[in-house]
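Dear colleague,

I am passing on the structure below, and after it you will find notes on what turned up in it. Could you read them alongside the model when you have a moment?

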Amino acid sequence: MTDPTPTPDEHAAEILAFWEAARHRAGVVRTSVVTGLGVSAAMVPQTWSFGDNPELAEQLLDLVLSGEKTGTATALAEFTHADEPMPVRGDLSIVLDSAGRPRALLRTTEVATVPFSEVSEEHAAAEGEDDRTLASWRREHEKYWRRVLEPLGEQFSDDLPVVTERFELLYPRPGDRG
């Protein structure tokens, strides 16, 4: 019996093929054949998945693909411990499904860092989760951050710095061919 899990080379090839199909939506086009690819066309955006488990990754990705999710939030400590750069307005990223396959190209449209207790109702609704209320956002995100911060030696609190991010789905959109 063969293992259906793609190899790292197969994942890389899938991501490159996805980027080739999606980059025109981000305004990243090839330059002249004489000069070759421009730097931005040659560089594949950062890839990542939502959440901390396969089920959550799929649920949140489905919300993005349906247009219901246009925002996300990450504890600042998660960026620090992973030594990852903070998102910046205009950043492009490729969101992976739980199997590591590329499924969505996003452009960051807004970034702010606020204490957990100051995340707005508008942002909670933009995340598209649960009943889209601030109360459910706080309840579920507190559970999530208690779970993911503990192994990092960090603790949840109402003044936990949270990086809120808004984004637009560039690819795929309704009408795009698979």
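Phenylalanine 116 is buried, with a relative accessible area of 3%, where buried means under 20% relative accessible area, exposed over 50% and partly exposed in between, taken with a 1.4 Å probe and protein chains only. Please keep in mind that this is a predicted model, in which local features need pLDDT of at least 70 and side-chain atom pairs count only at pLDDT 80 or more, while totals for chains, interfaces and linings use all residues. Residues are numbered from 1 along each chain as its sequence is written, and side-chain values use heavy atoms, with hydrogens and water left out.

Tryptophan 137 is buried, as is phenylalanine 116.

The rings of phenylalanine 116 and phenylalanine 156 have centres 4.8 Å apart and planes at 85°, so that pair is edge-to-face. Here too distant parts of the chain are linked, because phenylalanine 156 lies in the loop between H6 and strand E5 (161-171), 40 residues apart from phenylalanine 116. Phenylalanine 156 has 10% relative accessibility and therefore counts as buried. Phe116, Trp137 and Phe156 form one aromatic cluster together with Tyr144 and Trp145.

Turning to the sheet, 5 strands form an open sheet of mixed pairing in the order E1-E3-E4-E5-E2, two strands being paired if DSSP finds at least two bridges between them. Strand E1 (46-48) and strand E2 (71-75) stand at the edges with a single partner strand each, so one side of each has no neighbour in the sheet. E1 runs parallel to E3, joined by 3 bridges, and glutamine 46 has serine 93 in E3 as its bridge partner. E3 and E4 run antiparallel with 5 bridges, and they form a hairpin with 5 residues between them, where glycine 100 in the turn has a positive phi of about 85°.

Strand E3 is largely enclosed by the rest of the structure, because 5 of its 5 residues are buried. Both of its faces are covered, with Leu92, Ile94 and Leu96 buried on one side and Ser93 and Val95 buried on the other.

For the overall picture, the protein has 6 helices and 5 strands, which follow the pattern α-α-β-α-β-α-β-β-α-α-β along the sequence. Of its 178 residues, 37% count as buried.

With best wishes

Key
Rings of Phe, Tyr and Trp (its six-membered ring) pair if their centres lie within 6.5 Å; planes under 30 degrees apart count as stacked, over 60 as edge-to-face and the rest as tilted. Helices (H or I, at least four residues) and strands (E, at least two) are DSSP runs, numbered from the N terminus.
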